[in-house]
Amino acid sequence: MTTETAPRHDRRAATTAQRRAQREQARAAARGGSGRARQLAFAGIVLGVLAIGAFLAFGDFLNRPATASGEINIQSSMAGFTPAVITVKAGSTVTLDWWTQDAAIHLQNGVHTMVAPDLGLNEALPAESSRTVTWTVPNKPGTYDVWCESCCGGKDSPTMHGKIVVQPADSAGEARGAA
Ligand SMILES: [Cu+2]
């Protein structure tokens, strides 16, 4: 009799120990799981930071050429050129997206013009129209007057005057970067 109770007690003790071990294992597995979740969360944060950094770097890269080359939208009206100041890079080829809503009756010869003799610009824009002017900027850094000769008082009118800033060929990006 006593020989049988002892093993039964041992078995019960063994079962209790097994259950305890299983619980420990389960707990360890749960800890391991949350550890992996933390690692994933950390990796996600790292990727997010990298993505934001890349976006900022790329966004800045996109902004740079917009001021100095490529396509520039310009409106002519009785109020003048909008924008009144454009900035371009010496030696670059620029597309001027030039448009007006003014009717022919208001315009001498039915056109606005864009004249900047020092920069090789002498273009006409018919009333209520748009056109593109492909212009290769001379390699002459500086600030130049541009005006409309056909109306609004011509060259002597302060209204129909704009400025074209020609930046040295390779300084624009650095200047922006330093600012
Ligand atoms: Cu004009």
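User: Is Glu128 buried, partly exposed or exposed, and how many other C-beta atoms lie within 10 Å?

Analyst: A residue is called buried if 20 or more other C-beta atoms lie within 10 Å of its own, exposed if 12 or fewer, and partly exposed in between, with the C-beta atoms placed from the backbone. Glu128 has 13 other C-beta atoms within 10 Å, so Glu128 is partly exposed. Please keep in mind that this is a predicted model, in which local features need pLDDT of at least 70 and side-chain atom pairs count only at pLDDT 80 or more, whereas totals for chains, interfaces and linings use all residues. Residues are numbered from 1 along each chain as its sequence is written.

User: What is the pLDDT average of the protein, and which stretches fall below 50?

Analyst: pLDDT is the predictor's confidence in each residue, on a scale from 0 to 100. The protein averages 78, and 63% of the residues score at least 70. Over residues 59-68 the pLDDT is below 50, and this stretch has 11 contacts beyond near neighbours in sequence; residues 174-179 are also below 50, with 1 such contact in the model. A contact here is a pair of residues whose C-beta atoms, placed from the backbone, lie within 7 Å.

User: How many helices and strands are there, and what pattern do they follow along the sequence?

Analyst: Helices (H or I, at least four residues) and strands (E, at least two) are DSSP runs, numbered from the N terminus. The protein has 2 helices and 9 strands, and they follow the pattern α-β-β-β-β-β-β-β-β-β-α.

User: Which strands form the open sheet, and in what order?

Analyst: Two strands pair if DSSP finds at least two bridges between them. In this model 4 strands form an open sheet in the order β2-β1-β4-β7, with mixed pairing. Because β2 (80-82) and β7 (130-136) each have a single partner strand, they stand at the edges, and one side of each is left without a neighbour in the sheet. The antiparallel pair β1 and β2 is joined by 3 bridges, and Ser77 has Gly80 in β2 as its bridge partner.

User: Which residues have the most contacts inside the largest nonpolar core?

Analyst: A nonpolar core is a set of buried Ala, Val, Leu, Ile, Met, Phe, Trp, Tyr and Cys residues joined through C-beta atoms within 7 Å. The largest one has 18 residues, and Ile74, Leu96 and Trp98 have the most contacts inside it. Strands β1 (70-77), β4 (93-99), β5 (111-116), β8 (142-147) and β9 (161-167) each supply at least two residues of this core. Leaving out residues up to four places away in sequence, Ile74 touches Phe81, Ile86, Leu96, Asp97 and Trp98.

User: Where is Trp147, and which residues is it in contact with?

Analyst: Trp147 lies in strand β8 and counts as buried because it has 21 C-beta neighbours inside 10 Å. Apart from neighbours within four places in sequence, Trp147 is in contact with Val115, Lys155, Met160 and His161. Trp147 and Val115 are 32 residues apart along the chain, yet their C-alpha atoms are separated by 5.3 Å.

Terms used:
Two residues are in contact if their C-beta atoms, placed from the backbone, lie within 7 Å.
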